[in-house]
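Colleague: I am new to this structure and would like to go through it with you. Could we look at it together?

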Amino acid sequence: MSADSTSTAPTDKVMSPDEAVANLRSGMTIGIGGWGSRRKPMSLVRAVLRSDITDLTVVTYGGPDVGLLCAAGRVRKLVYGFVTLDSIPLEPHFRAARQGATIPEVVEYDEGMLQWGLYAGSVRLPFLPTRAGLGSGVMDTNPDLKLVQSPYDDAEELLAVPAIRLDACFVHMNRSDARGNAQFLGPDIYFDDLWLNATEPGHRYLSCERVVPTSALLDEGTFHTLRINRSMVDGVIESPNGAHFTSCEPDYDRDESFQTEYATAARDPEQWQTFVDRYLSGSEADYQEAVRER
Amino acid sequence: MSAETSTSAPSSRRADVVAVACAEAFRGNGEIFGSGMGTMPMLGARLAKATFEPNLMVSDGVAFFVDGDLPIGSTDKTVEGWIPFRQVFDTLWGGRRHVMMGASQIDRFGNTNIANIGPHNQPKAQLLGVRGGPGNTINHAVSFWIPKHSTRVFAESVDMASGIGYDRAAKLSGWVKANHHLPRVVTNLAVLDFETPTNTMRVRSLHPGVSIDDVHQATSFELAVADDLSESRAPTDDEMVAIERLDPNELRYREVAD
């Protein structure tokens with residue numbers, strides 16, 4: 001960040017994945033953007049694996065981010081609507097963690113409930129009402145969830161989804177300027193703006209494929225793609241191929257063969273150790289090098 | 001085209017009958033999002049749109065509504081709209097959707113489970129999680145496709161209700177009771193529904209070559225049987241042409257044996 005107190009330019013927020021994660025502490029509640037095995041901020045997840053932070057509460061529409069953090073034993077509590085690799089429906093590390101009961105606390109929500117919790121957190125409301133979840137196993141397994149009665153004539157009983165507030169979050173975008181004005185160029189922003197808005201200012205980390213000058217933000221997409229502005233972002237991390245092996249359209253598709261290698265290794269402890277040694281024991285640059293050398 | 005006046009294609013196989021049964025679930029739906037999860041449901045929705053339900057809207061499974069035919073596995077599409085996940089949620093909460101999806105367990109009231117087998121605190125088998133099941137079943141029509149009709153799937157009770165059935169819905173608000181609807185359960189053996197006074201599961205039609213005993217034996221609970229129990233209909237010639245156009249790689253035959 002700029003130390004020049006006389007500068008009239010907005011703050012330059014560019015940092016490395018490891019610098020971002022160095023600001024985090026054990027026990028934090030961290031939201032992770034993307035969806036399943038799509039546009040996940042994997043370079044930041046890998047930076048967490050290189051750090052010693054643990055006892056995390058992780059909130060996400062889960063994919064391999066959850067798998068990797070569970071396999072490394074960093075998750076104390078998981079809040080999720082699903083965990084999947086999309087083309088491989090069941091995430092093997094997540095399965096093993098659930099079946100071995102190694103995640104101390106799990107909160108399983110309907111996908112829409114999770115959005116509602118994030119939205120409530122984003123707009124600083126204590127809860128938002130919905131019908132999604134009523135009568136389902138979500139109520140059976142989350143006894144702390146409360147109902148609220150409509151104050152109008154219908155007097156309907158609704159589920160009050162509690163606001164989700166995050167200590168930190170990670171999202172991955174296609175482009176950003178150095179200040180955090182960021183752009184998605186793919187088919188879906190998922191809920192990445194909500195993760196940023198539901199997070200306390202200070203630890204909102206946005207990685208991207210490429211940092212570009214502000215004046216170049218409309219070179220590759222229309223203004224409709226500028227859904228994230230710099231008031232929502234504290235750190236910008238330039239991470240080419242940073243969502244690998246998840247998809248980051250249109251920059252790249254999911255690396256299906258690598259995902260298969262990951263999922264195969266994850267089903268066997270010995271093979272997993274080999275995978276960790278080969279891909280996850282060095283820096284982000286080492287990871288990308290190992291991927292290129294496959 | 002009319003299913004009633006066309007002749008049946010003689011060459012149809014079990015998977016083709018299933019495709020028609022899946023399509024029939026969407027009959028009369030009009031201009032809503034017909035959403036199919038997996039090969040047969042996707043084929044069903046696209047077949048309905050290509051034949052008797054032309055106003056139905058179908059997606060590419062990514063983020064776009066597609067105009068005209070989109071064969072299974074093809075990405076060569078004409079986009080007619082954008083439907084990223086946030087708009088999917090808005091559409092489903094607005095009730096303008098009918099989804100056909102799978103279930104690892106389903107009970108006689110239509111409670112379904114895609115989340116986990118065994119206790120939630122330590123499942124014997126962790127599956128997908130509840131995903132959108134709770135919100136789907138309380139907001140709009142949800143039908144099911146079960147590729148292997150068995151006592152394991154058609155269970156006495158579900159281990160986790162990711163989708164709510166009629167008994168659970170009956171305990172909720174009048175709004176829920178008015179909007180909760182599980183139109184069909186299509187399996188490799190039969191077509192079932194919940195059109196009984198107690199909203200318990202009923203056999204509606206049997207696929208050719210299947211007996212009612214076959215269905216009872218593959219089900220853990222007592223099934224009602226429709227008074228006018230019929231044979232699931234074969235595709236018409238026109239429908240068969242559409243099926244072949246929409247599933248050129250014949251994935252349906254890999255999913256449903258004869």
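Colleague: Which residue just after α3(A) takes a positive phi?

Modeller: Gly73(A) does, with a phi of about 70°. This is a predicted model, in which local features need pLDDT of at least 70, side-chain atom pairs count only at pLDDT 80 or more, and totals for chains, interfaces and linings use all residues. Residues are numbered from 1 along each chain as its sequence is written, chains are lettered from A and ligands numbered from 1 in the order in which they are written, and side-chain values use heavy atoms, with hydrogens and water left out.

Colleague: How many residues of α3(A) are buried?

Modeller: In helix α3 of chain A (residues 64–71), 7 of the 8 residues are buried, where buried means under 20% relative accessible area, exposed over 50% and partly exposed in between, with a 1.4 Å probe and protein chains only. Among them are Pro64(A), Asp65(A) and Cys70(A). Helices here are DSSP runs of H or I with at least four residues, strands are E runs of at least two, and both are numbered from the N terminus.

Colleague: And α2(A), which of its residues are buried?

Modeller: Met42(A), Ser43(A), Leu44(A), Val45(A), Arg46(A), Ala47(A), Val48(A) and Leu49(A) are buried.

Colleague: Where is Thr246(A) placed?

Modeller: Thr246(A) lies in the loop between β11 (235–238) and α8 of chain A. Its relative accessibility is 0%, so Thr246(A) counts as buried. Thr246(A) and Asp65(A) are 181 residues apart in sequence, yet their C-alpha atoms are 9.7 Å apart in space.

Colleague: What is Thr246(A) in contact with, leaving aside neighbours within four places in sequence?

Modeller: Its contacts (heavy atoms within 4.5 Å) include Met42(A) and Pro64(A), as well as Arg38(A) and Asp253(A). Met42(A) belongs to α2(A), and Pro64(A) to α3(A).

Colleague: Changing topic, at what angle do α8(A) and α9(A) cross?

Modeller: Helix α8 (residues 256–266) and helix α9 (residues 269–279) of chain A cross at roughly 135°, and their axes come within 7 Å. Axes are lines fitted to C-alpha atoms, for helices over the stretch in contact, and angles run from 0 to 180 degrees between N-to-C directions. The two helices, α8(A) and α9(A), are therefore oblique to each other; angles under 35 degrees count as roughly parallel, over 145 as roughly antiparallel, 65 to 115 as roughly perpendicular and the rest as oblique.

Colleague: Which residues meet there, in α8(A) and α9(A)?

Modeller: Among them, Phe258(A) and Tyr262(A) are on the α8(A) side, and Trp272(A) and Phe275(A) on the α9(A) side.

Colleague: What about α2(B) and α8(B), how far apart are their axes?

Modeller: The axes of α2(B) (residues 39–50) and α8(B) (residues 237–246) are 10 Å apart, and the helices pack at an angle of about 130°. Therefore α2(B) and α8(B) are oblique to each other. Leu43(B) and Leu47(B) are among the residues of α2(B) that meet α8(B), where the partners include Ala242(B) and Ile243(B).

Colleague: Staying with chain B, is Asn136(B) buried or exposed?

Modeller: Asn136(B) is buried, because its relative accessible area is 6%. Asn136(B) sits in helix α4 (residues 133–139) of chain B. Leaving aside neighbours within four places in sequence, Asn136(B) is in contact with Leu92(B), Arg97(B), Val99(B), Met101(B) and Val142(B).
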